[in-house]
Amino acid sequence: MKAFYSYAALALCTVSFGQKLFIVSSDEKFGVINENGVEIIPAKYTSVDDFDKLHANWSKVGLNTLYGFIDKKGKIIIEPKYEVINSYNTYNEGWALVQKDGKFGFINDLGKEIVAPVYDKVGNFGDYVKDWLLVEANGLKGFVDKEGNVIVPVKYVDIEKFDNIRKNWALVKDRKDKLGFIDKTGKEVIPVVYDNIEAFVKKKSVIADVN
């Protein structure tokens, strides 16, 4: 790796493996050199964050309006491709919310997409079921779990809270305003074909009308 000789400013230093690292700038681009002046990260980024700020041993780097991660050896962990990379562990341990092309998803602490960025909105784990996260796309809702698996496909316009009508069941509605139920395994226990569903309060059972 070549040494730097003509950088305008040393913006900040940090310590890596017993060495100081310096964020440097040239022509309004940023990179990182070590204390010997050896290039660790080339000065081609529009922003370089402190190492360890979002992830141990990683720096978030920006290229125009997109962001990714580079480690302290200069290895690109994630190419700058996300419009937003949020803090880790806010939604789930080892996950960070990302945005790409206006859609939301999650990366894990290895930099891999654990939930593809295809959703317009995401909820929080535990809003409905402890280990489920509500996701929405194109006006439809579903759930993913803490492994990133789709538990309930994104196909319902509305999903009520579980246990409102029957324990462990949630009322769901499709685009045709038809109603049914899913259970806490994600299975449709009552097909979504009914126009109206009401509960027998005393008997704790359900009556349904279908046309």
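This is a predicted model: local features need pLDDT of at least 70, side-chain atom pairs count only at pLDDT 80 or more; totals for chains, interfaces and linings use all residues.
Local features need pLDDT of at least 70 and side-chain atom pairs count only at pLDDT 80 or more, while totals for chains, interfaces and linings use all residues. Residues are numbered from 1 along each chain as its sequence is written, and side-chain values use heavy atoms, with hydrogens and water left out.

**View 1. Strands and burial in the protein chain.** The protein chain has 22 strands and 0 helices; strands (E, at least two residues) and helices (H or I, at least four) are DSSP runs, numbered from the N terminus. Of its 211 residues, 40% are buried (under 20% relative accessible area; exposed is over 50% and partly exposed lies in between, with a 1.4 Å probe and protein chains only).

**View 2. Surface of the protein chain.**

**View 3. N57 in its loop.** The loop between β5 (47-48) and β6 (58-63) holds N57. Its phi is near 70 degrees, a positive value in a residue other than glycine. Most residues other than glycine have a negative phi. N57 is partly exposed, at 36% relative accessible area.

**View 4. N168 in its loop.** N168 lies in the loop between β17 (158-159) and β18 (169-173). Phi of N168 is also positive, near 75 degrees. With a relative accessible area of 33%, N168 is partly exposed.
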